[in-house]
Every structure is written in structure tokens, then in C-alpha cells.
Amino acid sequence: MSEYGMIIDYKYCTGCHTCEVACRKEKDIPLDEWGIKLFEVGPDELKGKWYWNFIPLPSDYCDLCHDRIKAGKKASCEFHCLANCIEIVRIEELSAKMIEYGNSVTCFIP
């Protein structure tokens, strides 16, 4: 059972793909596989406004950079995220953090 979980605040993701690159480099993942994959939804028009959403999703390769966290560092995707929308927190803090962020977040526990 994991001691940590990942919170992703989709509201601030800009679609830069930095999390994908950082994860790939950290875990030496082949080009046709992903540790975290950024999906794009849109552009879509709804009630006169245009929306384009970016959704980073961890894969089975993701172990929340256990070795980095154990060494006192941030997970690679969290460290390199330009929008600071990825955060690795202790399991005990997940509920409080999700309430703090509101309804634009999701949680991942490997």
C-alpha cells in the first residue's frame, strides 16, 4: 500500500507535456509507452465560450517516483510541472488537499 498519492489540479494544466518528458527521462521509458500521458479535450464551443482542457493521467509505470521521494526530493513530474498543478502528498493529507483545491482535482494512488 502506498504512503503517498498524487493530486492533479486540471484547472491549471496548460498542456505543456513537461510531465511526460520528465517522467520518461526519470524512468527511462520507451517512446511508445508512458509514465504519465497528457490527453487533450477540445477545442469545443459551449454557450459561446471556447474550451480546451488538458488532462494528465498516470499509467501503471507511475510509482510516484518512490526513490526520489525517499531521498527527500519531489517526484519528477511534480518538480518539472510549469503550472504547479501536480502535487504528491501523504495519504493522510489527500482528503484535506482535495477539499482545499475544490472540484477541479483528481487523485491517483498507485
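A charge sits over a ring if NZ of Lys or CZ of Arg is within 6 Å of the ring centre and within 35 degrees of the ring normal. The model is predicted: local features need pLDDT of at least 70, side-chain atom pairs count only at pLDDT 80 or more, and totals for chains, interfaces and linings use all residues. Residues are numbered from 1 along each chain as its sequence is written, and side-chain values use heavy atoms, leaving out hydrogens and water.

**View 1. Lys37 and two aromatic rings.** Lys37 lies over the face of Trp34, 4.1 Å from the ring centre. The charged end of Lys37 also sits over the ring of Phe39, at 5.8 Å from its centre.

**View 2. The Trp52 and Phe54 pair.** Rings of Phe, Tyr and Trp (its six-membered ring) pair if their centres lie within 6.5 Å; planes under 30 degrees apart count as stacked, over 60 as edge-to-face and the rest as tilted. The count by this rule is one aromatic pair. Trp52 and Phe54 form it, stacked, at 6.0 Å centre to centre and 20° between the planes. Buried means under 20% relative accessible area, exposed over 50%, partly exposed in between (1.4 Å probe, protein chains only). Trp52 is partly exposed at 47%, whereas Phe54 is buried at 15%.

**View 3. Strands β1 and β4.** Helices (H or I, at least four residues) and strands (E, at least two) are DSSP runs, numbered from the N terminus. Two strands pair if DSSP finds at least two bridges between them. Strand β1 (residues 4-9) runs antiparallel to β4, joined by five bridges. Tyr4 stands opposite Arg90 in β4. Four of the five residues of β4 (residues 86-90) are buried, so this strand is largely enclosed by the rest of the structure.

**View 4. The largest nonpolar core.** Such a core is a set of buried Ala, Val, Leu, Ile, Met, Phe, Trp, Tyr and Cys residues joined through side-chain atoms within 4.5 Å. Of its 20 residues, Met6, Ile36, Leu64, Cys77, Ile86 and Ile88 touch the most other members. β1, α1, β2 and β4 each give two or more residues to this core. The largest share, three residues, comes from β1. Contact means heavy atoms within 4.5 Å. Not counting residues up to four places away in sequence, Cys77 touches Met6, Cys19, Ala22 and Ile86.

**View 5. Ser104 in its loop.** Ser104 is found between α4 (94-101) and β5 (105-108). Its relative accessible area is 15%, so Ser104 is buried. Leaving aside neighbours within four places in sequence, Ser104 is in contact with Ile8, Asp9, Tyr10 and Lys11.
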